[in-house]
Amino acid sequence: MSWLAFTTPLLLLALIVLPILWWLLRAVPPAPIRRRFPGIVLLLGLKDDESQTATTPWWLLALRMLALAAVIVGFAGPVLNPRQAGTGTGPLLVLMDASWASARDWTPRMAKVEQMLRDAARAGRLAAVLPLTEPLPEEMPWQSAAAWVERLPSIQPHPWAPDYAALGDLDTEGAEVVWVSDGLDRPGRDALDARVIESGRPILGLAPATYADGLIQLRAIRTGDTTERGVELRAIGPGPNGALTQLGIARAEFAAGATEAEVELSLPPELRNRTTRFEIAAERSAGAVTLADDSLSRREVALLTQAEDESQDLLSPLYYLRQALEPTADLIEGDLATILPASPDVLVLADVAQLSPAETRDVTEWVEEGGLLLRFAGPNLAASDLSRDTEDALLPVRLRSGGRSVGGALSWGEPKTLQPFDETSPFWGLEIPDEVTVSSQIVAQPDPTLADRTLAALADGTPLVTRKTLGQGQVVLFHVTANAEWSTLPLSGLFVQMLERLAVSTRPAALSPEALEGTTWVPRVVLDGFGTARDAGNLGGIEGAAFIDPEPSADLPPGIYEGPGQSLAVNVLDAQAELAPSVWPTGIVVEGLERAEETDLMPFFLAASLLLLAFDALATLLLGGRLRRGAVAALAGLLLVAPPEARAQEGGTPFPGEVALAYVRTGDAQLDATSEAGLQGLSNVLLQRTSVEPEAPRGVDLETDELAFFPLLYWPVTEDQPIPSDEAYARLNRYLRGGGMIVFDTRDADIGGFGSSSPASVHLRELAAPLDIPPLEPLPADHVMTRSFYLLQDYPGRYNSHDVWVEAAPPEEPVEGMPFRNLNDGVTPVVIGANDWAAAWAVDANGRPTLPVGRGFAGERQREIAYRFGVNLVMHVLSGNYKSDQVHVPALLDRLGN
């Protein structure tokens, strides 16, 4: 594609006459220099038969030729980086991958397609747009290009891969085919000969989260970027008020050239249980989201209680179990008639020997449906005849009569230690402390299946923990007591780790094919292509066989599916997912989605021609003797050198010429970039909605920069910010006394806020101590700031907290007819909050928000209210308390009434 084009290329033929003009101009000499010389009278009457005219200097001719050439080229309409309107003459077929990888820059993609359709409409061509993530039509839907422009908003990306199987059957004879690719490598891209449009933006994805050893394992993958960079991974779930909020955060670092980055996230069990999704921050794509199902949930563990002596807690079989399980599980205690209907994940029987036939039947059915029965030995089980001759259904092995004492006063030998765990055991990898010993145990009878059912054993090989499968569930037996009577295991951290390994394995992340066969799963939440979770509505149930090796599609969209007693997540990417850039056949033209801006060069060529003609005039005057050389140099300098004012405008000035917002540079590059982007977003809103026309925001250094030029100073507070010098505090106090406003933002409303003991709040008190700040109060509902432009009741940023503090006003007597107190006769010098306002205001170079706020429509509504609060801040600092004047009361009352 050419980088330069002309709107009137035939005009360039005029360049052919330039050699002729060169020859003609050489015959025209410059005007002669006239000098008065008295002796010239002696030459009068003489005749020179051989006179010769002097020619024009070659450099002057070249100057004139260049000026004329610039005029010709300029009127030919040169355009730099011209937009290609399409080369085909037949119908226009636009194929769009329209997958999750396209969602990250969906707006420019649709703008590109719309421009192609409008060009085709002007040429009177037919067109068709086919998203390849939807079934292809049997007949090509040719319509006028203008009709397709109207239909474009209905095309949206889908959270699954496009299907190229039927591309070869499309009738594209005589059509211009344009393929808008998502940038990922997939088989079948050679099915059609097309012009390809592809974005150069990197693609990021997130593999499903896994849980191991108390940590959540996250793996981010990428393609199209080989630089060293980090991405922010967030855990999202409902907060205390039920609204989705950030529950945890981790940063995955990509090494240079690496395509994946792993990170571990530690969440308390109660937060891990509430997590519904993990996502890559600021990445608007379903592939950057992974949903969490029951594999990360907090387990419900039921303890069968019996009459106990409260004075001997340490001897109770359940005491150590409660201590070990309470941090990681929800405990239910009671008899079987109470706890089984609650459908717990784990049922614990500590030294329970006999159950009634009805209880045995109920527990067996519960285990067969997927429960884990965890049993512990003890004197009662050792004294019973349970599972002696024949294996009991609720015990994993047959048991010998009585017990075995290996460390008592009347026994031989010392207490036994544990042998290392086998690789097939769920306890594999756990370190066995030396102090863990066993003095008594119930011994399993030898059996051909005993070795396969043994999860842990003593040093002499006798089983310590055994397990068997019963239906879809499991039965596990610890051959020692749950208290410290028979072993020191309950006193060690190993006991907690073993219980957690068993509890986590009760609901595997992927069910076996046998467990899925014959089941039906109903979608509860599904993802769209942008990664937004939506209610599944009336989508029908899906057979369990589809989840054996799930492949997201229109029939199985990514989401959360509810099945028999648990939920499963179908994510866009699987655990082994990798991203590779697209590879196209040789000869396929691939264009970038991003293009340099089209520039009309005519003004530049015409200006150059005028400049050259001006030099020509100066040279002609000089050669004719009508101008001195010093004057020529001065005039040439004026033509070449811009006025000092213009150069200052281009180079920038440390002080704004108009209103400009400012932020305090903290030294944190990422935080400073967010502050600048936030104030730029607020400045854009002010320009669009108010009469304020702010310049670009400025970052200020408190130690060196003058603050008096900025009406508002945004100061994000971090816990490690250095304390300013005394000179800086003197400058800040002058700024506050002169009517300036400082907006302190600790950005921690999600964990604390101003007045709390969060690190940022504590440091804010240190930063603000030397400032001349008046007494503060929470922002009253009738403060002038709540109505300086918009009528507001909330003041959110990225977080939505009502803890916003301003200067306290003395109480005043109410005025009849005045709906508000006449608060703050002057502008409040400080505003203190923790809602991270700059993050909510922040936009990129194209005016798009850079950081997420909330979820879905509610989040965008919160961002809008944040913008309105920012407008009110600026209008308040610029106009003061004019809204408190009595003259505005009728209009405000009328607006409030409506």
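A salt bridge here is a side-chain nitrogen of Lys or Arg within 4 Å of a carboxyl oxygen of Asp or Glu. The model shown in these views is predicted.

**Figure 1. Salt bridge between D772 and R737.** The side chains of D772 and R737 meet at 3.4 Å, N to O. D772 sits in the loop between α18 (759-768) and β36 (776-778), and R737 belongs to helix α17 (residues 726-737). R737 is exposed, at 59%. A network of salt bridges that share partners also occurs in the model, joining D97, D182, R186 and R189.

**Figure 2. Salt bridge between E260 and R219.** Which two strands does this pair tie together? E260 lies in strand β13 (residues 260-265), and R219 in strand β10 (residues 215-223). The side chains meet at 3.1 Å, N to O. The partners are 41 residues apart in sequence, so the contact ties together separate parts of the chain. E260 counts as partly exposed because its relative accessibility is 34%. R219 counts as buried because its value is 12%. The cut-off for buried is under 20%.

Figure 3. At 48% relative accessibility, E264 counts as partly exposed. Beyond residues up to four places away in sequence, E264 touches L215, I216, Q217 and A250. R251 is 13 residues from E264 in sequence. The C-alpha atoms of E264 and R251 are 9.0 Å apart in space.

**Figure 4. Salt bridge between R322 and E333.** The closest N and O atoms of R322 and E333 are 2.7 Å apart. R322 is in helix α6 (residues 319-325). E333 is in strand β17 (residues 329-334). Eleven residues separate the partners, and the pair links distant parts of the chain. E333 is partly exposed, with a relative accessible area of 36%.

Figure 5. Which residues does I332 contact, leaving aside neighbours within four places in sequence? They are E300, V301, A302, L303, I339 and A342. P344 is twelve residues from I332 along the chain. Their C-alpha atoms are separated by 8.0 Å.

**Figure 6. Positive phi at S343 and S387.** S343 is not a glycine, yet its phi is positive, at about 50°. S343 lies in the loop between α7 (336-339) and β18 (346-350). S387, also a residue other than glycine, has a positive phi near 60°. The loop that holds S387 runs between α9 (379-383) and β20 (404-405). Is S387 buried or exposed? S387 is buried, with a relative accessible area of 4%.

**Figure 7. The second largest pocket.** Rolling a probe the size of a water molecule over the atoms shows where empty space is left. The second largest pocket holds about 1,000 Å³ of space. Its lining has 38 residues, and those closest to its centre are P208, N571, L573, D574 and A575. Which strand gives the most to this lining? Strand β29 (residues 567-570) does, with three residues. The lining divides into 27 nonpolar, four polar and seven charged residues.

**Figure 8. The whole chain, as context for the close-ups.** The protein has 898 residues, and buried residues make up 47% of them. Its secondary structure comes to 21 helices and 38 strands. Among contacts between residues at least 6 apart in sequence, 72% join residues at least 24 apart. The protein exposes about 44,700 Å². Carbon and sulfur atoms supply 54% of that area. The structure holds 28 salt bridges, among them E260 with R219, R322 with E333 and D772 with R737.

Conventions:
Residues are numbered from 1 along each chain as its sequence is written. This is a predicted model: local features need pLDDT of at least 70, side-chain atom pairs count only at pLDDT 80 or more; totals for chains, interfaces and linings use all residues. Side-chain values use heavy atoms; hydrogens and water are left out. On a 1 Å grid over the protein atoms alone, a cavity is a set of points where a 1.4 Å probe fits but cannot get out, and a pocket is an open set with protein on both sides within 12 Å along at least five of seven lines; lining residues have an atom within 4 Å of a point. Grid points are joined across faces, edges and corners, and a volume is the space filled by probe spheres set on the points. Helices (H or I, at least four residues) and strands (E, at least two) are DSSP runs, numbered from the N terminus. Ala, Val, Leu, Ile, Met, Phe, Trp, Tyr, Cys and Pro count as nonpolar, Asp, Glu, Lys and Arg as charged, and the others, Gly among them, as polar. Buried means under 20% relative accessible area, exposed over 50%, partly exposed in between (1.4 Å probe, protein chains only). Contact means heavy atoms within 4.5 Å. Accessible areas come from the Shrake-Rupley method with a 1.4 Å probe; for residues, only the protein chains shown count as cover.
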